[in-house]
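User: I am new to reading protein models. Could you take a close look at one part of this one and walk me through it in plain steps?

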Amino acid sequence: MNIAIVMILSVMLVFSLIPSGYSQLAKSTATLENGAWHTTIGKQVQVTTDVTNGQNRAQPFAYIVQIENQDGVVYSLSWITGTLDAGQSLSPSQSWTPTAPGTYTAQIFVWESVGNPDALSPPLAMKIIVL
C-alpha cells in the first residue's frame, strides 16, 4: 500500500496505495514544535495527502480526515472519493478551521470506499495544538 499525506497539515501515505509517513502544516498557518502542529483559532488548516496507486490496476478509494479533541469528541469528518489508475498520484485536501483552543488529533484514513472500510494503507495521525 502506498499513500502519501501532506498536511498544511501535511502527511504522507502510499496505498497499493505503502506508508511512508511524514507530516507538515503550511508554514503560513501552523508551526511544528516538539512533534505537534501549532496554530490559532480561526486559521484554516489544510490536511493534504499525496496518494499514489502502487498497484498495476485501477483502485477506487476514499480519503477520510477526522479531527477530534483530547476527549475523543469529533469536530470534523470529511472525505473525498475517487479512483486512481495504476501508477497515478493525487493530492487530495480537506480543510478545517478551529473555533476553540485545545489539543486535537487529525486522523487520516484511506479506505476502499466510505461504505467499505477495508484499509488501503495504515491510518495516520497528527497532533494539532490550537491557541
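This is a predicted model: local features need pLDDT of at least 70, side-chain atom pairs count only at pLDDT 80 or more; totals for chains, interfaces and linings use all residues.

Analyst: Start with tryptophan 111, which is partly exposed, at 23% relative accessibility.

Tryptophan 111 has an aromatic partner. Its ring centre lies 5.7 Å from that of phenylalanine 109. A pair of aromatic rings is described by the distance of the centres and the angle of the planes. Here the planes of phenylalanine 109 and tryptophan 111 meet at 50°, so the pair is tilted. The cut-offs explain the word: under 30 degrees would be stacked, and over 60 would be edge-to-face. The count of aromatic pairs comes to 3. Elsewhere, ring pairs join Tyr75, Trp96 and Tyr104 into a cluster.

Strand β11 covers residues 102–111. It belongs to an open sheet of 6 strands. Their order across the sheet is β4-β5-β12-β11-β7-β8, and the pairing is mixed. In that order, β11 sits between β12 and β7. Strands of a sheet pair through backbone hydrogen bonds, either parallel or antiparallel.

What stands at the edges of the sheet? Strands β4 (31–33) and β8 (74–84) do. Each has a single partner strand, so one side of each is left without a neighbour in the sheet. On average, neighbouring strands of this sheet are turned by 25° against each other, direction ignored.

Look at two pairings in turn. Strand β5, residues 36–39, pairs with β12, residues 124–130. The sense is parallel, over 3 bridges. In this region, threonine 39 stands opposite valine 130 in β12. Strand β7, residues 59–69, pairs with β8 in the antiparallel sense, over 10 bridges. There, glutamate 68 stands opposite valine 74 in β8.

β7 and β8 also form a hairpin. It has 4 residues between the strands. Glycine 72 is in the turn, with a positive phi of about 85°.

Stay with valine 74 for a moment. It lies in β8. Is it buried, exposed or in between? Valine 74 is partly exposed, with a relative accessible area of 42%.

Alanine 100 is in the loop between β10 (93–96) and β11. Alanine 100 is partly exposed, at 24% relative accessible area.

Glutamine 88 lies between β8 and β9 (89–90). At 34% relative accessibility, glutamine 88 is partly exposed. Valine 51 is 37 residues away in sequence, but its C-alpha is 8.3 Å from that of glutamine 88.

Finally, step back to the whole chain. It has 0 helices and 12 strands. Of its 131 residues, 43% are buried. The chain exposes about 6100 Å², and carbon and sulfur atoms supply 52% of that area.

Technical notes:
Residues are numbered from 1 along each chain as its sequence is written. Side-chain values use heavy atoms; hydrogens and water are left out. Two strands pair if DSSP finds at least two bridges between them. Helices (H or I, at least four residues) and strands (E, at least two) are DSSP runs, numbered from the N terminus. Axes are lines fitted to C-alpha atoms, for helices over the stretch in contact, and angles run from 0 to 180 degrees between N-to-C directions. Buried means under 20% relative accessible area, exposed over 50%, partly exposed in between (1.4 Å probe, protein chains only). Rings of Phe, Tyr and Trp (its six-membered ring) pair if their centres lie within 6.5 Å; planes under 30 degrees apart count as stacked, over 60 as edge-to-face and the rest as tilted. Accessible areas come from the Shrake-Rupley method with a 1.4 Å probe; for residues, only the protein chains shown count as cover.
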